[in-house]
Amino acid sequence: RQLRNLEKSFGGGVRVCDRTALILDIFNQRAATHEAALQVTLAQMEYQLPRLTKLWTHLERQSGGQVKGMGEKQIEVDKRILRTQISTLRKELESVRKHRKLYRNRRRSVPIPVVSLVGYTNAGKSTLLNRLTGADVLAEDKLFATLDPTTRRVLMKSGTEFLLTDTVGFIQKLPTMLVAAFRATLEEISESSIIVHLVDISHALAQQQIGAVDKVLKELDIDSVPKLVVWNKIDNANNPLRVKEEAEKQGIICISAMNGDGLEEFCNAIQAKLKDSMVPIEAFVPYDKGDLLNDIHKVGMVEKTEYMENGTLIKAHVPLPLARLLTPLRQQVAAPL
């Protein structure tokens, strides 16, 4: 009612909207794929459903023909149509969700660790992904430039690989219908080996933004996933040296995704975190199972290798799925060791 009164006072030529409607409008402008468009449209419809009265100046009842009574109100007809459209969109998004789940299961069969970038909108997540992987993901100085998660492979100097996923940016008081609509996208975070919380430390409200991201992560119930806090845009901070000293006290990594400062330290921190989440194994890998040995070197961290007559004796840290694949080989080596 207040929005309608404001529009009348401005002469009817100015659109007045609340914060949630503005966020939804921005999301709608950024939606570049079919999935993102579905998610945004669903959120907009769920937002409009209880506010349909605003869209009509005449809410007279339909004529019932020869039947007594005035019949159904126009707004009730529109609500029913909108609910039908919402139901259809939810079914489409459920199909998208199943497709993503199949994709994750297929990706899990090749046990490469997954690192998810999360953070407040415009924190520099897409820029960091582009810097580390050479990807061409849209990275602009604007809100919600990324709505679809993008995953790329990162090869570190040690030879270890991991998958880096860029996710949708968060915001303070993120509308609940957006969190629900983007559930399929946000589920990518729960499947991560590590969550990297990227912070724009040069922003005046950095601490409030950190709190907003932590709140959304808590809603997603992913406390069990290891987290690494990274302060980005250190080159734009008022006092970079003081910020770096404070970060060192808290065990936080400082980087500049734009110019590449601190990225080697960032990769080393990722490697250390990955090692903590891996399983130590000692296995005897026959030469006819060279693909397993290749996987160990690719996604694990090898500490010792000894080439023997019939195979390779290896000591390493590997992701849990790969450790399970190696279980028979680990049992074979138990007696000789």
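Let me begin with a term: I call a residue buried when its relative accessible area is under 20%, exposed when that area is over 50%, and partly exposed in between, using a 1.4 Å probe and protein chains only. By that rule histidine 197, with a relative accessible area of 6%, is buried.

Before going on, please keep in mind that this is a predicted model, in which local features need a pLDDT of at least 70 and side-chain atom pairs count only at pLDDT 80 or more, while totals for chains, interfaces and linings use all residues. Residues are numbered from 1 along each chain as its sequence is written, and side-chain values use heavy atoms, with hydrogens and water left out.

Histidine 197 is found in strand β4, residues 194-200; helices (H or I, at least four residues) and strands (E, at least two) are DSSP runs, numbered from the N terminus. If we set aside its neighbours within four places in sequence, histidine 197 is in contact, meaning heavy atoms within 4.5 Å, with Val118, Gly119, Ile210, Val213, Asp214, Leu228, Val229 and Val230.

Staying in this region, asparagine 232 lies in strand β5 and is buried as well, with a relative accessible area of 2%. A polar atom of the asparagine 232 side chain lies 3.0 Å from the backbone nitrogen of alanine 257. Not counting residues up to four places away in sequence, asparagine 232 touches several residues, including Ala123, Gly124, Leu198 and Asp200.

That brings me to charged pairs. Side chains of opposite charge can pair when their charged atoms come close. Taking a salt bridge as a side-chain nitrogen of Lys or Arg within 4 Å of a carboxyl oxygen of Asp or Glu, a search of the whole structure finds two. In one of them, aspartate 200 and lysine 233 meet at 3.5 Å, N to O. This pair links distant parts of the chain, since aspartate 200 is in strand β4 and lysine 233 in the loop between β5 (227-232) and α9 (240-250), 33 residues apart. Both aspartate 200 and lysine 233 are buried. Arginine 90 also forms a salt bridge, with glutamate 46, and there the closest N and O atoms are 2.5 Å apart. Here too the partners come from distant parts of the chain, arginine 90 from helix α4 (residues 74-109) and glutamate 46 from helix α3 (residues 34-48), 44 residues apart. Arginine 90 counts as partly exposed, at 48% relative accessibility.

Let me turn to the sheet. Which order do the strands of the three-stranded open sheet take? The order is β7-β9-β8, with antiparallel pairing, where two strands pair if DSSP finds at least two bridges between them. β7 and β8 stand at the edges with a single partner strand each, so one side of each is left without a neighbour in the sheet. Strand β9 (residues 311-318) is largely enclosed by the rest of the structure, because seven of its eight residues are buried.

Eight bridges join β7 (residues 279-286) to β9, and along this pairing glutamate 282 stands opposite lysine 315. Six bridges join β8 (residues 301-307) to β9, with valine 302 opposite alanine 316, and a hairpin of three residues connects β8 to β9.

To finish, aspartate 276, in helix α10 (residues 263-276), is exposed, with a relative accessible area of 67%.

How values were computed: A polar contact is a pair of N or O atoms within 3.5 Å; within protein, one must be able to donate a hydrogen and the other to accept it, and residues adjacent in sequence count only if both atoms are side-chain atoms.
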